[in-house]
Amino acid sequence: MPSSHHLQHKSSYLKILFAFLFIFSLVHLAPEPFSSSSTFSTLGEPSTAYAQEEEVEDGLEEFAEDDEFADEDEFADEEEEGDGEEEEDDKAYLTDIGIAKDQVIEPFSFLGFSNRKIIWVAAQLHILFASFILGCPMFVVIMEVMGARRTQGVRKAIILSNVFLGILIGVVIGITGEIIIGIHHGVLYGLWACSFAALIVSFLNYFHRLLNVKVSAAVGAVFGTIISISLTPVEHIETSGIVLALLNGAVGGMISNMIMFAKSDFKFERLAHEITKVIGMCYSFTALTGGLFLLIMIVVYSDFISYLLGNFPVLFMIVYPTLFILETIVMYIYVYSWDPLNQQNKKGRHIVCGIILNVLGLTLLAALDGPATFMQTPPKPLAELGNISEWSKIATSTWMPLNYHRLVGNGTFGGYMVGIIGAYMYLWSTKKEEKEYYDWVGYMGNIIGVGIMIPLPAMGYIFVSEIYQYDATIGMYIMSDRESMFMLVQGLLVGTMFSASNIYMWVSMKRIENAQRFFPAMKFGFILIVISVAIWFTPRRFFATMMPEPGMNPDMVLPDNLAFMALMISKNTAAFALVTVTFINYIFYTIATKTGKVHYGKINPLGVYVLIFLGFADIWLMSWMGTIRELSRMNWHVYKVFKDITPEKFAPTLAESGFHVTAIVWTFFIIMTATIWIAIKYPKTTKKPAIPASTAPQMAE
Amino acid sequence: MQEKTFSQKAKKIVPISLGLVVIFWFGSPALGLSVAVQQRLCGIVLVVMIYVLLLAIPKSEFKEKTFLQNLKIKIPVIVVLGIIIWFVAGSFGFPIWWQVEFVIFAFVGLIFFVLLDLRPMKPEKSQGQSIIRLLATYALASAIFITVTAQLPQFDPKYELEKLNRPPMKLSGLAGPEVIAAGREIFEANKCFNCHKVFWEGNSDRGPNLGTKQIGLYSEDYIKDQILNPRRNQAPGFEDKKSKKAMPTYYGDDISDDELVALIAYLKTMRDPTHMPVEGKFPDQWTWWDDPKIIAEGKIVFEGKEPATEGLNCAVCHGETGIPMMTGALDFRNENNPDTTKIEGDHTDKLLKDWSDALWYRRVTRGVVGTPMAPWGMIFPHLYLWKAEAYARTFHDPLDKRTEKRPVPPVPNKEEIEAWKSKELFLDPLL
């Protein structure tokens, strides 16, 4: 009894302690944590207060002689009591920062670099590495699933990975339906239908193979649609919405079924593992270049970076570091637990770890798109910008479109980087089996890159149409004024990439037996490609601005009756033709591989270099689009809110931009080449004992 | 079973495809499909036919060629093709730069096809060779991108910088040439040219050509309202869904009051003393001569019932039914009336039906000396005078009996516009 009494005492102490903790947390987690009076936002106050003081100081200097000053300024109340001017002098020590105030920081210039150019390098390098480490894990996880034997643990993890894939696919198809076809809440229909179809079909197939592919598609379509309709808040259910939901449900169900019962192929496991090693190293470079970017910003645009960070106190002091640290931890667990978990037969856990990594990565991407889109499209009315919540500043009108665009863009980027890894390793391998394997890796990279690139133009269209909605002036600056020639280069690059992808497929077909019957049809496809690229490239005018400036030839304009060649309708037709021809060639390729033997390792070396060319073109294009997006803010850091007053506030010429982007992409490739060598090739060159059997993929239970 | 020969397959594929083309071509109008859809459907069928035909070609050994063999066969083909493309593009009216572009793309096609038929590259003999090839690949890609970006048309950043460094506009006093020039800058800076042409300037027909529409005829208040609330009045011919949303609604926030005044001052100069205003979206355009709504409004003006032109009543002399009420007043019913000799110029031989727009405008705005036909343009907004003229013409050329519209005049070019000023065709000295 005494002991139980003692325990009772103990538990009541505990209760009191919990009660205290509860009250403490209640007090500290007061409602409206993001409001202007909250703990979080007061953290950001010193800088704001400092800014105000500076303004006052400027005011003092400017209006020292002005009688009206006293009425306007905050000091007015204090000054009423005594002699204004003397009071002012007495108080000056409060705002005088010392001799530093007189020092003028000169614009930086070194070996042809300037403020803007050096920040341009740092920012783009950072975003290129970030794209790699955010883009690759998306399909690395799926590849790991494809490579894993279907044990119970893995099958559980596959349910989760299928839902993850369902969400990605559903969002992409859904948003395309919403914006391009105009289906109300299409993204929600797509998201719910595809992810729930994936969940249901995966679950039904978990214990036994209950459904085949067709039935899975049907079950996914029906149940996905029912769930998505009940979850999507629309007043009237429209047929188009139901069709979209059915399509997404069917896709989700079908893919889930296929992945659940795919024959595990160790090649995928190996590929995923090797890319993960590269991701691990690139992670450090992302952090390094991020730090570099911030440092340079502080040196060259200190006023602006203070303003920007100050506008997002919770994001930059709490959310971003938390996500960053968590992602780092999960990333290293993912990289370094690969072999140990394989040995312990716990592949499922590793896959789950990969999905968590992706969720964190995508959240991070979305979080930083907030400030990026805030700079482009700050929420209106602009006069109220100081009074709106931090969340409103993140969730701007272009935030989700940029998220979609970068999600898909990063996937494409990752795919082409896999192609490059395959090509490099093919060149660096001497053994026959290695060559065969890396030939296959290159093929996979191209398929992933092209496959994900197909919805990319739609995502770009969605982003730009939102920009037009916000302020058509920005849209016009991009499409028909100073950036029109930049967009022309974009068209040419997209055409080059589709062409190169198809040439790679052509070269690959030559190493498949019996594939020659497709060659005449494929050649016809190439004629269509050249015509499509020519149409995509054709501009309305061959001068670089909306209206001819001095030195330009105003006659370089298409006559009105031919203007349709330069309009979206023609460009869309060309894009449709490019995508279709590529898809047809892919079908030919697939048929050829099923009906004839593929001689991996015997690809024409041209194919390998085409892959490298393709990767280079993709990353160049990505940097180019980043340049276009940044320049489209014109002479504003934050459009119509924070003006760039530095000497380099203008748009640089096409030639200068082209050269600069090329230099940046070269820098990236030099680092990537070294990284691929160190992460994959170098461990193979050192003499090690044979890999113990335990690290090989686990056997089926 | 013996496999069918190519000609046997072709005999099936071609008739079926052509049959489908015929069905789509003639069936589309019946199904209410647009011409664009009709053309696309037929195009897709033809492309599919070519694909199927090419797949039906019997399997043959694919022969790769060396680089020189490739060139020997393909260069003559591409040269002939290039010449054909050059002339065809020229005959369609493409300017020379576009002709050059198309021919360049023909040569890009040549590179493609050389690559496709090229013999496989020899495998690398050493790491050194693969490094050289690797660097060559990067160098090639970089060279292409650097050359393309360097060779495409460039702008000089100094002009943008000049604009950015200009002080904000401050206006005082009345609108003079400086204000009009400032307004033109506002027009350019806000990218109005992206959708609106001004006579020959600009290159988009997304919105009305403000020059040929003669937006300057309208009142300042109306123009201001069109800028600030563009959804309120949709320009005729631009009622489609896309056009309705096209004009942004934020210019009220973006443009300061002073800038707006200058912009309107510039827009007010958009007038044409030689042509009726033109409405509609290119190429489906019409002049006010054939616009029933304008003619109805013109009738109100003609009969003296328009409040904005109080004091103007054409019917007093020319008659509500067209029968002149005053001796000497022009009889609009007689299309063969010659013009008066009381005003100078080379118009006296012109019959009423052949009067140019410029003559109509001059007659009404400047009047006829020594007759009760006063220079109405000195008193009343010219917008209404044009409308009244459109109505007056219906007396000898009734709207319901017209078989065709008057052709839309060609857009005046720079020289013509300058000539209006030098010949003082406008009444307003600022125009």
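I started with confidence, since this is a predicted model. Chain B has an average pLDDT of 87, and 96% of its residues score at least 70. For the model I noted an ipTM of 0.81 and a pTM of 0.78.

Next I looked up the domains. The assignment for chain B lists domain 1 (1–60), domain 2 (177–272) and domain 3 (285–408). I took the centres over C-alpha atoms and found 58 Å between domain 1 and domain 3 of chain B.

I then turned to the contact between the chains. Chain A puts in 66 residues and chain B 57 residues. On the side of chain B, the elements giving two or more residues are helix 2 (35–55), helix 4 (96–117), helix 5 (127–151) and helix 6 (157–165). Helix 5 of chain B gives the most, with 12 residues. I sorted this side of chain B by class and got 38 nonpolar, 10 polar and 9 charged residues.

Last, I went through helix 7 of chain B, residues 177–189. Its 13 residues reach 18 Å from first C-alpha to last, close to the 18 Å expected. Which of its residues are buried? I found B:Val179, B:Ala182, B:Gly183, B:Ile186 and B:Phe187. Seen down the axis of helix 7, these buried residues fall within an arc of 150°, so they line one face. Helix 11 (257–267) of chain B is included in what covers them. On the other side of helix 7, B:Pro177, B:Glu178 and B:Ala181 are exposed. After helix 7 I noted B:Lys191, with a positive phi near 60°.

Conventions. Residues are numbered from 1 along each chain as its sequence is written. Chains are lettered from A and ligands numbered from 1 in the order in which they are written. This is a predicted model: local features need pLDDT of at least 70, side-chain atom pairs count only at pLDDT 80 or more; totals for chains, interfaces and linings use all residues. pLDDT is the predictor's confidence in each residue, from 0 to 100. Domain bounds come from an automatic or database domain assignment. Two residues are in contact if their C-beta atoms, placed from the backbone, lie within 7 Å. Helices (H or I, at least four residues) and strands (E, at least two) are DSSP runs, numbered from the N terminus. Ala, Val, Leu, Ile, Met, Phe, Trp, Tyr, Cys and Pro count as nonpolar, Asp, Glu, Lys and Arg as charged, and the others, Gly among them, as polar. The expected span of a helix is 1.5 Å times one less than its number of residues. A residue is buried if 20 or more other C-beta atoms lie within 10 Å of its own, exposed if 12 or fewer, and partly exposed in between; C-beta atoms are placed from the backbone. The arc is that of the directions from the helix axis to the C-beta atoms.
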